[in-house]
Amino acid sequence: MTDRLGELSAMGVAIWLDDLSRVRLSSGGLDQLRREKHLVGVTSNPTIFAKALSDADEYNWQLKDLAIRGVDVEESVRMLTTYDVRWACDVMRPAYDASAGVDGRVSIEVDPRLAHETERTVAEAGALWWLIDRPNLFIKIPATEAGLPAITATLAQGISVNVTLIFGLDRYSQVMEAFLAGLEQAKANGHDLSKIGSVASFFVSRVDSEVDKRLEKIGSDQAKALRGKAAIANARLAYERYGEVFSSDRWQALADAGAHPQRPLWASTSTKNPDYRDVMYVEELIAPGTVNTMPEPTIHAFADHGDVRGDTVTGCYDDARKVFSDLQAVGVDLADVVAVLEREGVEKFEASWLELLDGVKKSLAEAAKGTGRPGKAAKGSATAAERAGGNA
């Protein structure tokens, strides 16, 4: 049988899962993906956690303990989510060790309500780092204006960072600058640069969703012919900038000190439009030194019918620039697209965080009354999680 995911990995694309739940952990499903599907990383976000906690009974034993102890809602959310991420870090540790610390990473996001507060973001990043206490952790910080100095300050403390919610090229350049400055400060602070990791999560499908909506509204044949092209062009031009920055003398000085590059991570890579090929954002963004984080259905879809045609990025920069020129010609304001997507991205994660808080609040109240169900797998999950280093 053709090992398409193996071919993808051989091209230098790290395959990460865009999902995490306690059911996935306790069932062994995450470890199975690591062993059988070339999985070498995991990302989470507030939306993923809100869904995970609303769907599973396996959190009930911990909710009951938290209720008995009188832990407040916000701290309970921190305990529940860090428990899962710590466990996932241990599951992915073999990939971390095998890659000398490059892969095997698991990401947890700072409270999205802090997206416009630099100092609080840095403080929260530090708290999550020491609470989870795993070397293969990534702290996710959004690439907002306030997030940029927080990225630098967090890296300067020796904390690994996944920069999230990047939609535009200019902001991506600012993210890479924040990364370089952070490593330079970390070096000055005496940290071992070889232990610090970072990825820059460049969102893909959401760009097409927003641009396609505008092209449909314009309605001309020329406009409609550009549907489904903006996101891939955007990501390809981001990789071009990545190549420029990480071939510079400034970067080489950090590399000589042991630093790993901040890899581009293609996020939001499941297609939202059913008319598009379901693995389009994987096939068209194959390039060395990248990460593609996918929902599990996309991983299985690529394993089934993905096409690895070699590097589909580095030879396509001129075509990508033409797509941008054509979009501008028909009246699509890409700067406005990026601004809208960043604002909506933060708002969506804030809404999911509030949903998560509300769900945990209700669950704690039920547990306090003794009406919360203990969960069919509660005992087994607790034992497994304790072996993984979790705590309530």
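1. A crossing of two helices is called left-handed if the near helix is turned anticlockwise from the far one by less than a right angle, and right-handed if clockwise.

2. Residues are numbered from 1 along each chain as its sequence is written, and side-chain values use heavy atoms, with hydrogens and water left out. The predictor's confidence in each residue is its pLDDT, from 0 to 100. For the protein chain the mean is 93, with 94% of residues at 70 or more. Watch out for residues 372–392, though: pLDDT stays under 50 there, and the model has 43 contacts for them beyond four places in sequence. (Contact means heavy atoms within 4.5 Å.) Where pLDDT is low, the predicted coordinates should not be read in detail.

3. Now the helix pair. Helices here are DSSP runs (H or I, at least four residues), as are strands (E, at least two), numbered from the N terminus. The axes of α10 (residues 169–188) and α14 (residues 249–256) come within 11 Å and cross at roughly 40 degrees. Axes are lines fitted to C-alpha atoms, for helices over the stretch in contact, and angles run from 0 to 180 degrees between N-to-C directions. Under 35 degrees counts as roughly parallel, over 145 as roughly antiparallel, 65 to 115 as roughly perpendicular and the rest as oblique, so α10 and α14 are oblique to each other. Their crossing is left-handed.

4. Which residues of α10 meet α14? On the α10 side they are E177, F179, L180, A181, L183, E184 and K187, facing R250, W251, A253 and L254 in α14.

5. Next, the loop between α3 (29–36) and β2 (39–43), where you'll find K37. Is K37 partly exposed or exposed? With a relative accessible area of 24%, K37 is partly exposed (buried means under 20%, exposed over 50%, partly exposed in between, using a 1.4 Å probe and protein chains only). K37 and L5 sit 32 residues apart in sequence but 6.6 Å apart in space, C-alpha to C-alpha. Among the residues K37 touches are L5, I15 and H300.

6. Most residues other than glycine have a negative phi. H38, in the loop between α3 and β2, has a positive phi near 65 degrees. D133 also has a positive phi, about 55 degrees, and lies between α8 (118–132) and β4 (137–142) in a loop. H38 is partly exposed at 30%, whereas D133 is exposed at 54%.

Notes: This is a predicted model: local features need pLDDT of at least 70, side-chain atom pairs count only at pLDDT 80 or more; totals for chains, interfaces and linings use all residues.
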